[in-house]
Amino acid sequence: MKRIAILGSTGSIGQSTLSIVESYPERFAVASLAAGRNVDTAYQQCLRWHPRIVSLATEELASDLRQRLRREGLSDIEVVWGSEGTVSVATLPEADFVVSAIVGVAGLEATYAAVLAGKTIGLANKEAMVAAGEILTAAARERNVALLPIDSEHNAVHQCMRAGERGEVRQIWLTASGGPFRTLPIEEFANITVEQALRHPTWVMGRRITIDSATLLNKGLEIIEACRLFDLPPSAVRVTVHPQSTVHSLVEYVDGSLLAQISVTDMRLPILYALSYPERVASELRFDMQALADLHFEPPDLERFPCLRLAYEAAEKGGAHAIALNAADEVAVAAFLERAIPFMGIPGTIERVLETTSETHPATIQEVLTLDCQARATARRILADSNTGRRG
Ligand SMILES: NC(=O)c1ccc[n+]([C@@H]2O[C@H](COP(=O)([O-])OP(=O)(O)OC[C@H]3O[C@@H](n4cnc5c(N)ncnc54)[C@H](OP(=O)(O)O)[C@@H]3O)[C@@H](O)[C@H]2O)c1
């Protein structure tokens, strides 16, 4: 029986993880849960899963949840809050496996604490890997902790890499759906609305990753995540646009063989793979072979999707540049969702933040968080400047 801590339990990945736990009660149990502000869903999850400990973003929300649980006679569930609370959830001694699925850099400290505590990690929180990948992977190597990717592309690469030796890999190919604007002419990018950008053609996900998929910055974050997870240079992490999202990624070996992982577009499958690794467990997630009849691949268009170019540049420089790429995007996406900047203001803001970023390589998580704060402040300053949107 694996006992699981879920960081981001109320989100899309968190809820899919709970659905896997529900389907395999003989294999998995919930040990602890961490959420942000969605107290109603956290409450329902406590009733259903009875975790040892649960965390919410603020003291006020935690106090609300504690009272509701008391009324149900569930005072034995410890309710904590804030980043310390999330760390307590991640490091609970009874938990063997931590699903890291908080969105953004907010998930970093707890993921790092879980690695230090020797937990096996199912990693969905790509931003943690982008901001602090070198530190996280070094700590994981030192403690012999497995970092198992949940992101579907990296999960696919992980699966395909089991077929060969690391030194036999020439490069990997991450597939990208291309998002909702894959075929939109560049002149029309200025008129893209929030509603259009939130309509992803193949995946249902949280709001930030959906917008990041529309700008292709999500693929950019995944390039950096892949470099860190699989110890590859950016030049060995290629992107191919594949609108059907059927092939989740490919590994190209030195002899010219390409191995691809193909499955339904359902995040429960990579979650199940990570939770069960190194075993494979039978599931109902069957693939319809008809879907192979019409597969299409094309190179990404860096002119319409400058975020991809910015991400490659940040991947080459690493350190503060990768941190700034993610931080600036988080601020810019929030501004776009509030309709304060146009769609192309997102790459515009990121580019300007990267221009002001120095080549620093942080050695500790605290230094990462300081650089993250600085990049956010720069992004906000740039956004306050009314020229930002027009420049994008
Ligand atoms: N969704 C996908 O299919 C998918 C695929 C691959 C990778 N990922 C990655 O997985 C991560 C989660 O994505 P998602 O789509 O599940 O996002 P989501 O639906 O927006 O969920 C985000 C989760 O993080 C929690 N959270 C946010 N800020 C927090 C904070 N300060 N403290 C504690 N919890 C906090 C949210 O809590 P509340 O809702 O309670 O506020 C929620 O549980 C992201 O890094 C994303 O890139 C997602």
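## Shell around the ligand

By class, the shell around the ligand is made up of 13 nonpolar, eleven polar and five charged residues, where Ala, Val, Leu, Ile, Met, Phe, Trp, Tyr, Cys and Pro count as nonpolar, Asp, Glu, Lys and Arg as charged, and the others, Gly among them, as polar. The model is predicted, so that local features need pLDDT of at least 70 and side-chain atom pairs count only at pLDDT 80 or more, while totals for chains, interfaces and linings use all residues. Residues are numbered from 1 along each chain as its sequence is written.

The ligand is surrounded by 29 residues, the closest being Gly11, Gly36, Asn38, Met205 and Gly206; a residue counts as near if its C-beta atom, placed from the backbone, lies within 6 Å of the molecule. Helices H1 (12–23), H6 (126–143) and H9 (207–215) each supply at least two residues of this shell, and H1 gives the most, with three residues; helices are DSSP runs (H or I, at least four residues), numbered from the N terminus.

## Domains

Because domain 1 (2–149) and domain 2 (151–301) both give residues to the shell, the ligand lies between them; the domain bounds come from an automatic or database domain assignment.

The centres of domain 2 and domain 3, taken over C-alpha atoms, are 25 Å apart. Their contact (C-beta atoms, placed from the backbone, within 7 Å) takes 14 residues from domain 2 and 13 residues from domain 3. On the side of domain 2 that touches domain 3, H9 gives the most, with five residues.

How values were computed: Two residues are in contact if their C-beta atoms, placed from the backbone, lie within 7 Å.
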